[in-house]
Amino acid sequence: MKMNPSCGSTVMAMVVLLMLMLHAGVVRSGCIERERQALLDFKAAMVDDYGMLSSWKGHDCCNWNGVGCSNLTGHVITLHLQGELTENEYTTVERVLKGKIPSSLVELQHLRYLNLSSNYFQDYHIPEFFANLTRLRYLDLSSCHFGGRIPSQFGSLSHLTYLNLLENDLEGSIPYQLGNLSKLQYLDLWGNSLQGTIPSQLVNLSTLHQLYLYSVNGGEGQWLSTLTSLTHLHLEFVLNLNHSYNWIHTISNISRLRELSLFGCSLSDHFLSTQRQKLPKFKFPDSLSILGLGANTFTSSLIFQWLSNVTSNLVDLDLSYSLWDGGSTSNHFDITMQSLERLDLSHNQIKGGDLEPFANICTLSSLSVLHNSLAEDLESILHNLSAGCVSHSLQELDLSFNQITGSIPDDLSMFQSLKRLFLSQNQLRGKLPENIRLPSQLEALSISWNSIEGGIPNSFGNICSLESLDLSYNIMTGELPDAIHHLSRCSRYSLQDLDLRNNKFNGALPDISIFPSLKALYLSENKLNGKVPKGIQFPSQLEALVMNSNTLEGVIRDSQLHSLSKLKVLDLSGNSFILKISPDWIPPFQLQVMMLQHCMLGPYLPKWLQTQKYLKQLDISNAGISDITPKWFWALSTRLHKMNISYNNLTGIIPDFPLRLMEYTSIFLASNQFEGSIPLFLRRAVSLDLSNNKFSNFTSFLCANDTAERLGQLDISKNYLSGQIPDCWGNFKSLAYIDLSNNNFTGQVPTSMGSVLELRVLIFRNNFLTGELPFSMKNCTKLVMLDAGENKLSGTIPPWIGSSLQQLQMLSLRKNHFFESLPLSLCFLKGIRFLDLSDNHLWGRIPKCFINFSAMTIPERLLTDSYEHSYDVNHTNGRYGYSYDIIALLMWKGVEHIFENDKLLLKGIDLSSNQLSEDIPTELGNLVELVSLNLSRNNLTGRIPWQIGRLMSLEFLDLSRNHLFGSIPSSFAKIDRLSMLDLSHNNLSGMIPIGTQLQSFNAKSYEENQGLCGLPLEKLCFVEEPHQEPVVKTQEEEHDDFIQTFFMSMGLGFFVGFWGILGTILFNRSCRHAYFRFLNNLTEKVVTRWHY
């Protein structure tokens, strides 16, 4: 078909126009292919768990997220791939790239802007080839976890105006070549581990506006002399500044300087006084408005006198962590500082009266005095502060983390402009006054972690600007509906955060939808009860709904959640809610935290979980779920920091596909029906609980080629695992807790177990292990608990247990085949709390040196090793601590009981069912904190030591089935906590000592002792007093007995002496006459001498 001429001319015009536009740079034809390929190579090298590069597909790379091209040439000129890190109370949300940056990026020769900040390139150095991107003007590699040195080649980036290497792990010295960057305006090296002296070549950076240095040597400060364009200077923890005065003199010449931080530079009162002598005319530039002097040592008021002389235009002053212990400030500090708006005095040693001088700084809007030594009454502290003009200007007052006493005053309105008041972590008591007067502009009030009682006053509802109210961790009471009603006046429209957790509020859940602006509601750990009202709705702005650990119940339907499009945290755990959700429901929200433990979700796994792309914590344990776990669920788990699906009835094989868990993930799959092999991807967890399932193989999991750097806890107890324990434990560098108990393992304990050097807890109870404990285990010197009971282990008890594992607090080798005598090296276990060697073939005597078990002689609260059980793991931002529970299975009163951390204060010795012989050592009587002592079923002979009566904490004592003879020590009658006693099947004789405790036991406790008599036995004793063993006496009792005997002796002596003489005189006439003649003669002699 022939083209219409008009159409042809139109097409031609369009082509010409397109060519002109391309030439003029109005339209580009797409990115350069080699640059596109370089970007694809970068994408291939990155671990992108969050889809940051998901748009990087197609031909035109200029349309990819984070990529910017020149409209004129099509070359890539900007690459903005900044990661994200959001933290809240519950979780950390990361959106980062990981991996090694490929050299293909050097193809981006026209790149001017490169931002890779807040990503995760740990274990890698900053690529030197970045120096080949010679057109770079902006380079941001902050918070990327780079190691190694700053590349000296960066000195060749002559066009660079911005260089940010903040918060990496860089070491070595600052390259002098950075002095070549003559156009540099911004340089940030803060938060690294750099060393050495600041290079003098930095003097060439005359255009520099902002400089941030950390923990290097400042030298004499000559490098500052030409940096006169600086507006921001941060020299934090910089060394040697306290020995030189050149730098401070130079600072006075930086006329544009607005912000100066000398945080942690070892400045002191001495430095200030010396500086005044050497530089008497020194003053900071008039432009300076922000000054940070925190973490120095200004113990006296000299700092305020000095500041009054050297600056007058400060707006923000930081004197935190300065050890200032109060005292009077400069007489004219408040007069000089008439521009000061923010003052930080936190982390010092200030007392209440020290705040008075600041009451007359009429511009002061923010005052922080948290973490000081304020111990006065709150009312007097506020009265002193409000005496000056600061009562009109103050907008924020932080008095948290002190020891302030008293109650909340009934009038706080004296601070007319106050918007934020923080009083948490003090010793405040009493009720909130019913008619309390609050500042009319109050936005935030925190009185958490005190001892406030009663309810929320009515007057709180009248504060129309109130946005945040934190009354958590007190002992407040009353009906929650009443408290909500009191806030339902004009404050209902402004309130955004309401925190009432850890109080004693009761009642049902009221209507919360009356707060249209509410973003966070915390009601956890109260005494709320009753059913959730049918049809209850929640505020549409809600981001966090936390109601865990109450006794609420009722049905929650998806229709009640449809308005919560902004919800990020949902915690209903520990209640009895029933969630009735449609199978095809698509939630309007994207949760980060979902905690529904003990809520009924079942019987199927909620399919709507697939829609939650940003979920970090998931707890649906004990939720009545009986389902085959689908593959999509395990894919979801790779994005989680914590997943708990324990105590359900989930079944199936966990697929072993190449999934990558998030780093630092804790996974709890206990008490389900999972079977088959344990998949490899679970090795990346920090804590892994697979107990009480049907797993039958973990060899591939344990013996994979890679090193499991971060796995700290592994519990695979109560499974169907069998055969020999694989000898591959050397790959686990952080393991602190291993529980292999209640399986069917056979063979010997693997030698490589001794290479797990961080090990604190090792449990392989109730298997079929044989042979001796490997000698290599002596290297596990951090062991706190070793439970190898109920196996078939043999040989002697290794002496290295006592000599090398001296941090042991619990040792159980019960029900094995150990033989020979007890090694004396056990006596090195000074911290041992529970020792169970029962049911073996041990013989010989019980060592007297058990007296060295000092943890059994001292109350737990006084022991230096009585600490929370925890271990550390290397994290992105340093080392993080993780706690673990010691769950011990112990024989208690003849029955196996499980004891957890707090109940492991139980202290005991169990040597029963062996062939131990000879006497019971009297030294055991010194272990006065013993709660349980079981020496039954041995061949012990001799008398029961009366010193056992010193064990006043004993609740369990079993000496049965031995060959003990003699009487029961009367000291036993003083052990008033005994709830179980068994002395049966011995050769004891005499009367059972009288004491309510001993007579309360069943006669079986004394049976088969032919010579015993008295209650509770039917056999009566003879009338004669039976021979008794010495009664145990305390030091005070022994002193009382001595005094009593002393006075009895005095009385007897007086009686004998008195009647021995007077009786003779009264009843013998000749003696009586002789006595009176003697008295007459004596009287005459005395009188005669008196007269002369």
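These notebook entries record what I looked up in the predicted model shown above.

**Ground rules.** I worked from a predicted model, in which local features need pLDDT of at least 70 and side-chain atom pairs count only at pLDDT 80 or more, while totals for chains, interfaces and linings use all residues. I numbered residues from 1 along each chain as its sequence is written, and side-chain values use heavy atoms, with hydrogens and water left out.

**Entry 1, the strands around β53.** I took helices (H or I, at least four residues) and strands (E, at least two) as DSSP runs, numbered from the N terminus, and I counted two strands as paired if DSSP finds at least two bridges between them. Strand β53 covers residues 841-844, and its side chains alternate. I then looked up the partners of β53. Strand β51 (residues 817-820) runs parallel to β53 and is joined to it by 2 bridges, with Phe819 standing opposite His841. Strand β59 (residues 915-918) also pairs with β53 in the parallel sense, over 2 bridges, and there Gln915 is the bridge partner of Trp843.

**Entry 2, an open sheet.** I followed a sheet of 4 strands with parallel pairing, in the order β27-β29-β31-β33. Its edges are β27 (506-507) and β33 (576-580), each of which has a single partner strand, so one side of each is left without a neighbour in the sheet. The partner I checked for β33 is β31 (residues 551-557), which runs parallel to β33 and is joined to it by 5 bridges; in this pair Glu553 stands opposite Ser576.

I found Phe732 in the loop between β43 (722-724) and β44 (737-739), and I counted Phe732 as buried because its relative accessibility is 1%. From C-alpha to C-alpha, Phe732 lies 8.8 Å from Leu702, and the two are 30 residues apart in sequence.

I noted a cis peptide bond between Gly602 and Pro603, with omega about 10°; Pro603 sits in the loop between β34 (593-595) and β35 (617-619). I also noted that the bond from Leu1015 to Pro1016 is cis, with omega near 10°, and that Pro1016 belongs to the loop between β66 (1011-1013) and α15 (1035-1067).

Ser266 is not a glycine, yet its phi is positive at about 60°. I located Ser266 in the loop between β15 (259-261) and α4 (269-278), where it counts as partly exposed because its relative accessibility is 46%. Asn692, another residue other than glycine, has a positive phi near 60°; I placed Asn692 in the loop between β40 (685-689) and β41 (694-697), and its relative accessibility of 37% makes it partly exposed.

Conventions. Buried means under 20% relative accessible area, exposed over 50%, partly exposed in between (1.4 Å probe, protein chains only).
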